[in-house]
Amino acid sequence: TPSPACKWPETLEFTYEISPVFIVMEEILLKKMHEIIGWAETEADGIFSPGGSISNLYSVLVARYKRFPEIKTKGMAALPNIALFVSEHSHYSIKKAAAVLGIGTDNVIAVKCDERGKMIPSELEGSILKVKSQGKVPFYVSATAGTTVYGAFDPLPSIADICEKYNLWMHVDAAWGSGLLLSRRHSHKLNGIERANSVTWNPHKLMGVPLQCSAFLIREKGLLQACNQLCAEYLFQPDKQYDTIYDTGDKAIQCGRHVDVFKLWLMWRAKGTRGFEMVINEFLELTEYLYKELKAREGFELVFDAEPELTNVCFWYIPPSLQHFPNGPERRKRLHQVAPKIKARMIEEGTTMVSYQPHGDHVNFFRMVFSNPATKKSDVNFLLEEIERLGKDL
């Protein structure tokens, strides 16, 4: 029995000899995810990372290396003024990646979206042409499959056409929406993802894997290694007795990595693909139920009157004092204060909690997201009744 003071080392994932089982698990699951996306397993590659923000950073890093391999040795001074494109509803991590990688946030071009929160392809093409006319060099587009606020899916086939036309790297940030690939009923919402050069997939979101568990998936084998490899002699000796392709640490920007893949492997073995599908379908059924309840109940108003594509539902509660109040700046000002006050009362009473936020021209609204398999329709009813109870006097 070890003494209480003994510290046991945690298994790290960088060479096959240190963690052979976990390295093989990662290879197996990456191939499985490539297959689900629609890529040939012999062509694709990938790595598990600490989260979607890091996976998105990998996408910009590798896309830049693919277009400008001299970046690795010569740095940004050897490159032209480059630009990348995101949806105006995209996750902020792409902009942060541009800051971290020395590209600069001013060179991240936000492309207009429609009312539903989807990137408008004609706006993307117009933005590309505008940037080129300014002497900048476009190299990357990030489409989103499941936006953070609205849960919207960008039109991937149209974006892929534009990326092919202008020779741009197409990344799909499917951190939130990728779980729908496991649902035969809903996977069509990601049609076109197979044409992407890279994908971010977060099993710790819709699939319910404990934090942290994110996969960066790339269609071109060997590119991730070439981009990040530095061949540290104390770890990655080329004359080992086994195939050093399993020393995956040199593909990463880290050295040692936590074995996040084990949680996903274990859950997939236990639940199976159909088990994940069942839970994800139930989330979407709850979403539809909430959507219909909001349309039927007096005092609630949807931010956009369209059936949700993912599990995000955005809505306002309109207190009786505002239900017949004329539209205008004063009403907007008062409505903007409603959600924060209700949220504060929720926290004080400890009964429930739901997030709120403004977005674009919209004043503060509630954003309900389903990702807990224990949630039931009765919980949805309770939430709406609590909002009414706590906000009716505002």
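**Helix packing and local features of the predicted model**

Asn167 is found in the loop between helix 6 and strand 5 (169-174), where helices (H or I, at least four residues) and strands (E, at least two) are DSSP runs numbered from the N terminus. The structure is a predicted model, in which local features need pLDDT of at least 70, side-chain atom pairs count only at pLDDT 80 or more, and totals for chains, interfaces and linings use all residues. Residues are numbered from 1 along each chain as its sequence is written, and side-chain values use heavy atoms, with hydrogens and water left out.

Although Asn167 is not a glycine, its phi is positive, at about 55 degrees. Asn167 is exposed, with a relative accessible area of 57% (buried means under 20% relative accessible area, exposed over 50%, and partly exposed in between, with a 1.4 Å probe and protein chains only).

Helix 6 (residues 156-166) packs with helix 5 (residues 121-133) at an angle of about 20 degrees, the axes being 9 Å apart. Axes are lines fitted to C-alpha atoms, for helices over the stretch in contact, and angles run from 0 to 180 degrees between N-to-C directions. Helix 5 and helix 6 are therefore roughly parallel to each other (angles under 35 degrees count as roughly parallel, over 145 as roughly antiparallel, 65 to 115 as roughly perpendicular and the rest as oblique). In this contact (heavy atoms within 4.5 Å), Pro121, Leu124, Glu125, Ile128 and Leu129 of helix 5 meet Ser158, Ile159, Ile162, Lys165 and Tyr166 of helix 6. The residues of this contact comprise seven nonpolar, one polar and two charged; Ala, Val, Leu, Ile, Met, Phe, Trp, Tyr, Cys and Pro count as nonpolar, Asp, Glu, Lys and Arg as charged, and the others, Gly among them, as polar.

The loop between strand 6 (198-201) and strand 7 (214-218) contains Lys205. An unreviewed UniProt entry annotates Lys205 as "modified residue: N6-(pyridoxal phosphate)lysine"; such annotations may be inferred rather than shown by experiment. Lys205 is partly exposed, with a relative accessible area of 31%. Apart from neighbours within four places in sequence, Lys205 is in contact with Ala175 and Trp176. Gln212 also lies in the loop between strand 6 and strand 7, and the peptide bond from Leu211 to Gln212 is cis, with omega near 0 degrees.

Ala226, in helix 7 (residues 223-228), is partly exposed, with a relative accessible area of 28%. When residues up to four places away in sequence are not counted, Ala226 touches Tyr65 and Lys72.
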